[in-house]
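Take a look at the model below. Then follow the tour, one region at a time.

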Amino acid sequence: MMEIISQPWQWYVAGPSIVVVMFLLYFFGKRFGVSSNLETLCTMGGAGKFSDYFKKDWKESLWNIVFLVGAVIGGFIASNYMSSNVPIDLNPQTINDLSILGFENAGASMVPSELFGWEALSSVKGIGLLLIGGLCIGFGTRWAGGCTSGHAIVGLSNFQIPSLIAVVGFFIGGIVMTWVLLPLIF
Amino acid sequence: MKCSSFKPFTCTVFKKGIIKNFYGDKVVVAAKGKNWKSPLFGGLIFGLGWALAGACPGPMFVLIGNGIFSIGIVIIGALMGTFLYGKFKQYLPH
């Protein structure tokens, strides 16, 4: 049994299990959206002093922070007790394209060491890239009113037009970064 | 939300109350409004960061559990980005 669980999950297992998570949240009167936690964390950190946008009762969103804590624990359990060392099943063309950009062994680990390893973290460029990436994620998801969970999973399955626009935007941004900006950066 | 020609799961099962929630109430999946500028422009910016940092807000936190602590810098960046949005929201198109 553990052997089956420890292998990479097929899309038809992983996808529906995300929907089970979503269903459970709605079943217990909550909603599914991770990026609103960024707002709550800012409020908890005292951002309300600087902008009315953050003047909210963070206790009402505490359940969502608990969800985040669960995600961290889940990540810990999955990587420590339920993982095999099978490389991520990337398209050979993708691995080849990434190696041309300077990313070796793409798929061998969860994240590329060229961006997340100690060597990258010891340079201003390395830290700057992660910080700018995060900045875009935070700013963009709040402006868009949701991220992959709130727009792509919930919004799309609820046939919301703004969610479709947002997801199209996600992928245009992703394509521009991957094909235009990343080759310039690396 | 109108339940007319297209019928998503949320219409047929939730809105008609076929499946009620734990407390016996109808399940409400909030509508996303009618704006198109904010999802488009915000989505574009998120997409850029998504591809650069290689994570969306959920997996950012899962990666901490995976022991990849440098993702913490991305999370700090995301909190800074959220703060900047909150600060300058009134000047942005929505």
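This is a predicted model: local features need pLDDT of at least 70, side-chain atom pairs count only at pLDDT 80 or more; totals for chains, interfaces and linings use all residues.

Residues are numbered from 1 along each chain as its sequence is written, while chains are lettered from A and ligands numbered from 1 in the order in which they are written.

Start with chain B. It has 4 helices and 0 strands. Both kinds of element are DSSP runs numbered from the N terminus, helices being H or I with at least four residues and strands E with at least two. The order from the N terminus is α-α-α-α. Chain B is more spread out than a compact globule, because its radius of gyration is 18 Å, well over the 12 Å that the globule rule gives for 94 residues. That radius is taken over C-alpha atoms, and the rule is 2.2 Å times the number of residues to the power 0.38. Along the principal axes, the C-alpha atoms of chain B fill a box of roughly 45 × 35 × 25 Å.

Chain B is divided into domain 1 (1-31) and domain 2 (33-94). Such bounds come from an automatic or database domain assignment. The C-alpha centres of the two domains lie 29 Å apart.

How much of chain B counts as buried? The share is 43% of its 94 residues. A residue is buried if 20 or more other C-beta atoms lie within 10 Å of its own, exposed if 12 or fewer, and partly exposed in between, with C-beta atoms placed from the backbone.

Now look at one helix pair in chain B. The axes of H3(B) (residues 57-65) and H4(B) (residues 71-88) come within 9 Å and cross at roughly 145°. Axes are lines fitted to C-alpha atoms, for helices over the stretch in contact, and angles run from 0 to 180 degrees between N-to-C directions. Pro57(B), Met60(B), Leu63(B) and Ile64(B) in H3(B) meet residues of H4(B), including Ile71(B) and Ala78(B). Here, two residues are in contact if their C-beta atoms, placed from the backbone, lie within 7 Å. The contact has 8 nonpolar, 1 polar and no charged residues. Ala, Val, Leu, Ile, Met, Phe, Trp, Tyr, Cys and Pro count as nonpolar, Asp, Glu, Lys and Arg as charged, and the others, Gly among them, as polar.

Next comes the contact between the chains. In it, 70 residues of chain A touch 62 residues of chain B. Which element gives the most to the side of chain A that touches chain B? H8(A) does, with 17 residues. By class, the residues on this side of chain A divide into 44 nonpolar, 23 polar and 3 charged.

Finish in chain A. Helix H5 (residues 92-101) is hardly covered, with 1 buried residue among its 10. Gly102(A) follows H5(A) and has a positive phi, near 105°. Asn105(A) sits in the loop between H5 and H6 of chain A. Its phi is near 55°, a positive value in a residue other than glycine. Asn105(A) is partly exposed, because 13 other C-beta atoms lie within 10 Å.

Phe159(A) lies in the loop between H9 and H10 of chain A. Phi of Phe159(A) is positive too, near 55°. With 17 C-beta neighbours inside 10 Å, Phe159(A) counts as partly exposed.
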